[in-house]
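Below is a report on the fold of a single chain. The sequence and the model come first, and the description follows.

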Amino acid sequence: MAGLRREELARLAGISEPYLVRLEQGVDRHPSPQVLNSHARALELDADAAAHLFTLAGPGPVPPPSRTEVAEDVHRLLDAWADRPAYVRDRCFDVLAANKRARALAPMYEPGRNLARSVFLGPESRRLFPDWAEVAAQTAAALRAEADPGDPRTARLVAELERGDEEFRRLWARHEARPARDERKRFAHPVVGGLALRRQALTVGGAEQQMIVVYQAPAGSPSEAALARLL
């Protein structure tokens, strides 16, 4: 909350100011769920921001290491969606697998690419997305919400993006946390022209740090016809 002083936050959260100072200084590293909830209410955090607060400060279990291999069943699923772009990424936004139509939609969906790096450091992304500013804000907020803050890869990626792009620095400083959701995204493809696609995000069973992203076009729409021309 803009302009909120420490004593005001302590009063709204129902805790003492000395205890708040200990939290800020990291002296007390294990605030209770009640304290975290009271902070979320005092700061008027939405559900996504409150969940991110618990991720940062809560005493939850250490997440398992991120898996880089994609199960054969998932590869077959991607290939079965031959008429729509689909790919798998991890929590650090590295693309782990993609079907042919995803790779034809944009180079950023090639396995081995990092989506956040492509959005902010790839000049082609500003041509690919007519709503680039919105896509950039969504990407930064999703990276903050989903990436493991204790993962050295995350720290290196964020440092690289902060060095390389002023807009990322501005967005990252806002501390917005919002996981990827089923949203509409517009593309300006250099070959087939404009597409308006609905994104669906699905967690991979047994590999919860992996996410399948599928793009669909409304039946009978110009975007569906454009998708069909991608290959």
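P85 is buried: its relative accessible area is 0%, and the cut-off for that label is under 20%. The model is a predicted one. P85 sits in the loop that leads from α5 to β1. Leaving aside residues up to four places away in sequence, P85 touches N99, R101, A102, L105, V213, V214, Y215 and L227. One of these, A102, is 17 residues from P85 in sequence, yet the two C-alpha atoms are 4.0 Å apart in space.

**The chain as a whole**

The chain has 231 residues, and 42% of them count as buried. Its secondary structure consists of 12 helices and five strands. Among contacts with a separation of 6 or more, 51% are between residues 24 or more positions apart.

In general, strands of a sheet pair through backbone hydrogen bonds, in either a parallel or an antiparallel sense.

| Strand pair | Sense | Bridges | Opposite residues |
|---|---|---|---|
| β1 and β2 | antiparallel | three | R89 in β1, V95 in β2 |
| β1 and β5 | antiparallel | five | V88 in β1, I212 in β5 |
| β4 and β5 | antiparallel | seven | R199 in β4, Y215 in β5 |
| β3 and β4 | antiparallel | six | R186 in β3, A196 in β4 |

The β1 strand covers residues 86-90, and β5 covers residues 207-216. Y215, which stands opposite R199, is also among the residues that P85 touches.

**Hairpins and turns**

β1 and β2 form a hairpin with four residues between the strands. F93 is in the loop between these two strands, and its phi is near 70 degrees, a positive value in a residue other than glycine. Is F93 buried or exposed? The relative accessibility of F93 is 4%, so this residue counts as buried.

β3 is joined to β4 by a hairpin of three residues. The hairpin of β4 and β5 has two residues between the strands, and G206 in that turn has a positive phi of about 85 degrees.

H175 also has a positive phi in a residue other than glycine, near 60 degrees. This residue is in the loop between α11 and β3. H175 is exposed, because its relative accessible area of 53% is over the 50% cut-off. F93, by contrast, is buried at 4%.

**A helix pair**

Helix α9 (residues 132-146) and helix α11 (residues 166-173) have axes that come within 10 Å and cross at roughly 50 degrees.

On the α9 side, the contact is made by W132, A136, A137, A140, L143 and R144; on the α11 side, the residues are E167, F168, L171 and W172. Eight of the residues in this contact are nonpolar, none is polar and two are charged. R144 in α9 and E167 in α11 are among the residues that meet here, and Arg and Glu are both classed as charged.

Terms used: Residues are numbered from 1 along each chain as its sequence is written. This is a predicted model: local features need pLDDT of at least 70, side-chain atom pairs count only at pLDDT 80 or more; totals for chains, interfaces and linings use all residues. Side-chain values use heavy atoms; hydrogens and water are left out. Two strands pair if DSSP finds at least two bridges between them. Buried means under 20% relative accessible area, exposed over 50%, partly exposed in between (1.4 Å probe, protein chains only). Contact means heavy atoms within 4.5 Å. Axes are lines fitted to C-alpha atoms, for helices over the stretch in contact, and angles run from 0 to 180 degrees between N-to-C directions.
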